2 protein chains.
Amino acid sequence: MNYPNGKKAAHSQISQSSYSNRGMSLEEDINLTNQYYLDAGRAVIHKKPTPVQIVKVDYPKRSAAVIKEAYFKQASTTDYNGLYRGKYIDFEAKETKNKTSFPLINIHDHQITHMEQVVKHGGICFLIMRFSSHNETYLLEAEKLFPYWYDKLKGGKQSIPYETIKEEGYIVPFQFHKRVDYLAIIDSLYF
Amino acid sequence: MNYPNGKKAAHSQISQSSYSNRGMSLEEDINLTNQYYLDAGRAVIHKKPTPVQIVKVDYPKRSAAVIKEAYFKQASTTDYNGLYRGKYIDFEAKETKNKTSFPLINIHDHQITHMEQVVKHGGICFLIMRFSSHNETYLLEAEKLFPYWYDKLKGGKQSIPYETIKEEGYIVPFQFHKRVDYLAIIDSLYF
């Protein structure tokens, strides 16, 4: 995968300063990108809130309700969905520090089930993966992810090799206001 | 609005027993309906999790992380979205005990903004309203909601009269497994 001249340098530079000491840079980058798309009137795509099981809430006088006990729940769908050029769009985003492969352990069974349902009903569905050590972000269509998932379930590899993702996926361009410009890929793949 | 023969009796009967002493019956009914649609392979529509601002989390040894302090955040979108017959679907659901009108106070400015964006980008967008005192649930297209909202902003009525909703909206059929069978209305309006 080649970057247009100059892009790579800019990417690495900005990334190294802004990604350092941050746990959720891919999520932050996607949120900023989605906000840019929204402001530009290009797409309506949002991250779903983190699912939480609320157990105890206090209602102090004259101030906001305080959740005093709650637990994280496993998401039953992917994290992002929305609307682009009249089409339903749905994706999950994951980051890895691994240099040679993308571990499948962070994707849950019911997320794959959800992705299969989306594909079956005619939606656009994919995975965004960031290899933070390579400073590269890839988009892989859900249809290409499924075979690796089923191979894993049958006792095969627990990850997808980096080289395979380089071949089967698409590198997502980085731009200052569109830090993960995945719609550039979607345009060329689906429209 | 007329029910097919017999439907009304069945609806009232089941509703009176199962809606009593419940605060979130419309939400529960929609969640059950969405699950039915999903299991039947008809649509992929989910409620988004309640948005929560997490402030403090404890990580006790050998057990799950406990959220010790968090606050409810205002939703920036509607509560439900998904995919039906290849189309993006998006809606908000509200219940009122008011007999003569539907108060607009429960709908937020940014939810209207979101609905406008969805309509502009070619999605199917609407409001589901339940008049619990009448035991009736209506679907109103977003396009029909907007004029009332802007009238309210300009100092007009703070609610939509019940009679107007009866005229401009569509009564949502009740069925045992599809307690709020809104796709029946969507089929006739958009397909």
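A residue counts as buried when its relative accessible area is under 20%. By this criterion, 46% of the 191 residues of chain A are buried in the predicted model. Chain A contains 6 helices and 10 strands.

The contact between the chains takes 35 residues from chain A and 35 residues from chain B. The area buried between chain A and chain B amounts to about 2900 Å², and carbon and sulfur atoms give 69% of this area. Between chain A and chain B, 7 residue pairs are in polar contact, counting pairs with both residues at pLDDT 80 or more. Salt bridges across the interface of chain A and chain B number 0 under the rule applied.

On the side of chain A that touches chain B, at least two residues each are supplied by β1 (44-47), β2 (52-58), β3 (66-72), β4 (80-84) and α3 (109-120) of chain A. The largest share of this side of chain A comes from β3(A), which provides 7 residues. Sorted by class, the side of chain A that touches chain B is made up of 17 nonpolar, 12 polar and 6 charged residues.

Two residues of chain B other than glycine have a positive phi value, B:Arg62 and B:Arg85. For B:Arg62, phi is near 55°. B:Arg62 is located in the loop that runs between β2 (52-58) and β3 (66-72) of chain B. The relative accessible area of B:Arg62 is 87%, and B:Arg62 is therefore classed as exposed, the cut-off for that class being over 50%. For B:Arg85, phi is near 50°. B:Arg85 is located in the loop between β4 (80-84) and β5 (87-96) of chain B.

Notes. Residues numbered from 1 in each chain as written. Chains lettered and ligands numbered in written order. Predicted model: local features only at pLDDT ≥ 70, side-chain atom pairs only at ≥ 80, totals over all residues. Heavy atoms only, no water. Helix = DSSP H or I, 4+ residues; strand = E, 2+ residues; numbered from the N terminus. Buried < 20%, exposed > 50% of the residue type's maximum accessible area, 1.4 Å probe, protein only. Contact = heavy atoms within 4.5 Å. Buried area = accessible area lost by both parts, 1.4 Å probe. Salt bridge = Lys/Arg side-chain N within 4 Å of Asp/Glu carboxyl O. Polar contact = N/O pair within 3.5 Å; in protein donor to acceptor, adjacent residues only side chain to side chain. Nonpolar A, V, L, I, M, F, W, Y, C, P; charged D, E, K, R; others polar.
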